[in-house]
Amino acid sequence: MPAGDAERVWFPEMLSRLEEVDFAWNNWASVTAFCDAMMTYRSELRKAKGIKDPLTRCPACHTISRMRLRGISVRSFLFAIAKSDLISEVELTRLDRQWQQHRKANKLDKFGRTAKPKLLEEHCCS
Ligand SMILES: [Zn+2]
């Protein structure tokens, strides 16, 4: 596997699907739904490519375990579509600002979900 694939957020196959999004920017929920769909797609790609989650060492007990990859944030998505020339730099700046405001107003996390106390997803050694 090419170096860096284990931690890659956007695979080329995913970038080519960015154009499927209908860029109606008054609907952030549709954007976060797309990010979720991309995350599912990424899991499928990783499985198909035989990519395992990266190993990580717990700083407390030094146990080595597999790190669960995080979701795809809206911000990461915005930068990806700008990089693919689907929006301009000016639009990127505007949308990024709009998104931050929307996030704050609705108390969302960076994935567009309602922020709640996070359950520990990795191992628990205490
Ligand atoms: Zn530990």
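The secondary structure of the protein chain comes to four helices and two strands, where helices (H or I, at least four residues) and strands (E, at least two) are DSSP runs numbered from the N terminus. From the N terminus on, the order of elements is α-α-β-β-α-α. This is a predicted model, in which local features need pLDDT of at least 70, side-chain atom pairs count only at pLDDT 80 or more, and totals for chains, interfaces and linings use all residues. Residues are numbered from 1 along each chain as its sequence is written.

Of the 126 residues in the protein chain, 9% count as buried. A residue is buried if 20 or more other C-beta atoms lie within 10 Å of its own, exposed if 12 or fewer, and partly exposed in between, with C-beta atoms placed from the backbone. Two residues are in contact if their C-beta atoms, placed from the backbone, lie within 7 Å. Among contacts in the protein chain with a separation of 6 or more, 69% are between residues 24 or more positions apart.

The largest nonpolar core has eight residues: Val31, Cys35, Met38, Ile72, Val74, Phe77, Leu95 and Trp99. Such a core is a set of buried Ala, Val, Leu, Ile, Met, Phe, Trp, Tyr and Cys residues joined through C-beta atoms within 7 Å. Helix H2 (28–49), H3 and H4 are the elements that give two or more residues to this core. The largest share, three residues, comes from H2.

Helix H3 (residues 74–83) and helix H4 (residues 89–106) have axes that come within 10 Å and cross at roughly 170 degrees. H3 is therefore roughly antiparallel to H4, a term for angles over 145 degrees. The axes are lines fitted to C-alpha atoms, for helices over the stretch in contact, and angles run from 0 to 180 degrees between N-to-C directions. On the H3 side the contact is made by Val74, Arg75, Leu78 and Ala82, and on the H4 side by Glu89, Leu92, Leu95, Asp96 and Trp99. By class, this contact has six nonpolar, no polar and three charged residues; Ala, Val, Leu, Ile, Met, Phe, Trp, Tyr, Cys and Pro count as nonpolar, Asp, Glu, Lys and Arg as charged, and the others, Gly among them, as polar.

H4 has 18 residues and reaches 25 Å from its first C-alpha to its last, close to the 26 Å expected at 1.5 Å a residue. The expected span is 1.5 Å times one less than the number of residues. H4 is followed by Lys107, whose phi is positive.

Leaving aside neighbours within four places in sequence, Trp99 is in contact with Trp28, Val74, Arg75 and Leu78. Under the same exclusion, Arg75 is in contact with Asp96, Trp99 and Lys110. Arg75 lies in helix H3 and is partly exposed, with 16 other C-beta atoms within 10 Å. The C-alpha atoms of Arg75 and Gly112 are separated by 9.9 Å, although the two are 37 residues apart along the chain.

| Residue | Phi |
|---|---|
| His62 | near 65 degrees |
| Asp85 | about 65 degrees |
| Lys107 | near 50 degrees |

His62 is in the loop between strand E1 (55–57) and strand E2 (64–66). His62 counts as exposed because it has 8 C-beta neighbours inside 10 Å. Asp85 is in the loop between H3 and H4, and is exposed, with 7 other C-beta atoms within 10 Å.

Technical notes
Parallel < 35°, antiparallel > 145°, perpendicular 65-115°, else oblique.
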